[in-house]
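Hello,

Here is the structure I promised to pass on. Have a look at it first, and then read my notes below.

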Amino acid sequence: MNSATVNLTCREWDYLPIGENGLLEAKAERLHALAELAARRLKLPETAVLTRTHRGLKAGQVVGILATLGMTLEILPKIDGDDGEVRKALIRMLAVTWRLPISDGELAALDTQRHDLLELLIRLFADRLLVAIRRGMPRRYLAYEEDLGLLRGKLNAKRQFTHLAVRPDRLACRFDELSENTPLNRVFKAAIIRLAGIARSAANARRLAELAARFEFVHDTPDPLGESVQLDRTNTAFHDLYRLARLFLAGDWQSTTGGRAEGFTLLFAMNSLFEEFIGQSLKHVLAPRPVHLQHSKHCAVTSADGGLFSLRPDAVIKKPTLIILDAKWKHLTLEEKTLGVAQSDIYQMLAYAQAYDASRLVLLYPWHQEMGKQEIISSDWTVTGTSRQLDIAAIDVGQPELVSETLRRIIG
């Protein structure tokens, strides 16, 4: 591992050794510093991405890419399957979460066995943006004021009879011009430039070079994340791509001063990603049945000043009966009487049941091989003193294409 560039892949909770037969100390330090900064940006504890131990660096429950000088680390979810299959599953989860439909053919063309997550997402972004741009670059009418020899648009009378009073050969014009130099395109250009600097695949480099040529007349922006982009029906084809471009730009770390690390990150907390993936999948599979995600109508307690301790279940499913579903990115243990379910999660579900008067509660966990093929792990739990059913269920995120049908069977 002493070469100029180190490319590593690991899973959640894996160790990366430092020293002999492991990472060089300097590279490990840069990687660890970048991970701490990224964790703070994600509003997670500094140790959420990587923890420094006497054995090396230990991955947490955050997946994605960390790239710094001479080092790229890919962290994949701890689910069954080889690295290519897990990358494919992760991309499907991200596509559902971002509401960016991806076909089986498109996914097969990505070649998940040969490229890491960063290269795959760059390829997905570049391909989608090229298709959209070839159909027509988004343009807007922009207002201009210029002193011209011939009238264009409307005359700016105030300027004409003050500043240009002694210049009868010039006319103060106000006019609108259809331009591609829009805030949206400036964001795309910034993303293209940044990705061109970190892409390692020759095919991705070619795609990004073509995109750069198409955005040649779009101005550079010093603050792409601060651009006042307007998303409306005139640029619908670019809405999802804009969100993806912002994700790439938000992961950029360029300064090496003030305790910051130079590099790039694209990271996702697995618990949040799992919740969002299940929520969006539920909305799709149960439509038109009402499904409310991250519902915050009720509080755990009330006082003279109103509600306290807001409750926010992952999904509230209505009609014909009310079901509360919460997704937990935790490992179930079938050998235990409690199945490894945390006591705090049970208390949380009891609070939901009381506040929402729910008929049924579902705690949903990721499936693993020791569970066999059953989706409902336990269906005979009831809330003490009531007839409310509490089901412990599991879903195989390693096969996201089967998630919809599994959710139908779980919800009923």
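**What I found**

Of the contacts in the protein (heavy atoms within 4.5 Å) with a separation of 6 or more, 67% are between residues 24 or more positions apart. Please keep in mind that this is a predicted model, where local features need pLDDT of at least 70 and side-chain atom pairs count only at pLDDT 80 or more, while totals for chains, interfaces and linings use all residues. Residues are numbered from 1 along each chain as its sequence is written, and side-chain values use heavy atoms, with hydrogens and water left out.

**Overall picture**

The protein has 11 helices and 19 strands; these are DSSP runs numbered from the N terminus (helices H or I, at least four residues; strands E, at least two). Its C-alpha atoms fill a box of roughly 90 × 60 × 50 Å along the principal axes. Of the 412 residues, 48% are buried, where buried means under 20% relative accessible area, exposed means over 50%, and partly exposed is in between (1.4 Å probe, protein chains only). The protein exposes about 20,900 Å², and carbon and sulfur atoms supply 51% of that area (Shrake-Rupley method, 1.4 Å probe; for residues, only the protein chains shown count as cover).

**Helix packing**

Helix α2 (residues 83-97) and helix α9 (residues 270-286) pack at an angle of about 65 degrees, with their axes 8 Å apart. Axes here are lines fitted to C-alpha atoms, for helices over the stretch in contact, and angles run from 0 to 180 degrees between N-to-C directions. The contact involves, among others, Leu90, Met93 and Leu94 of α2 and Leu273, Phe274 and Phe277 of α9.

Helix α4 (residues 117-134) and α6 cross at roughly 145 degrees, their axes coming within 12 Å. Leu118, Glu119, Ile122, Phe125 and Leu129 of α4 meet Phe188, Ala191, Ile192, Leu195 and Ile198 of α6.

**Salt bridges**

A salt bridge is a side-chain nitrogen of Lys or Arg within 4 Å of a carboxyl oxygen of Asp or Glu, and by this rule the count comes to 31.

- Arg123 pairs with Asp127, with the closest N and O atoms 2.7 Å apart. The two are four residues apart in helix α4, so about one helical turn separates them. Arg123 is buried at 19% relative accessible area, whereas Asp127 is partly exposed at 25%.
- Arg186 pairs with Glu227 at 3.0 Å between the closest N and O atoms. Arg186 lies in helix α6 and Glu227 in the loop between α7 (202-214) and α8 (239-250), so the pair ties together parts that are 41 residues apart in sequence. Both Arg186 and Glu227 are buried.
- Arg408 meets Glu405 at 3.3 Å, N to O. Both lie in helix α11 (residues 403-411), three residues apart, about one turn of the helix.

**Two single residues**

Thr182 sits in the loop between β9 (171-179) and α6 (183-198). This residue is buried, with a relative accessible area of 4%. Not counting residues up to four places away in sequence, Thr182 touches Pro138, Arg139 and Arg140.

Trp381 belongs to strand β18 (residues 376-382) and is partly exposed, at 23% relative accessibility. Leaving aside neighbours within four places in sequence, the contacts of Trp381 include Lys337, Leu339, Ile346 and Arg388.
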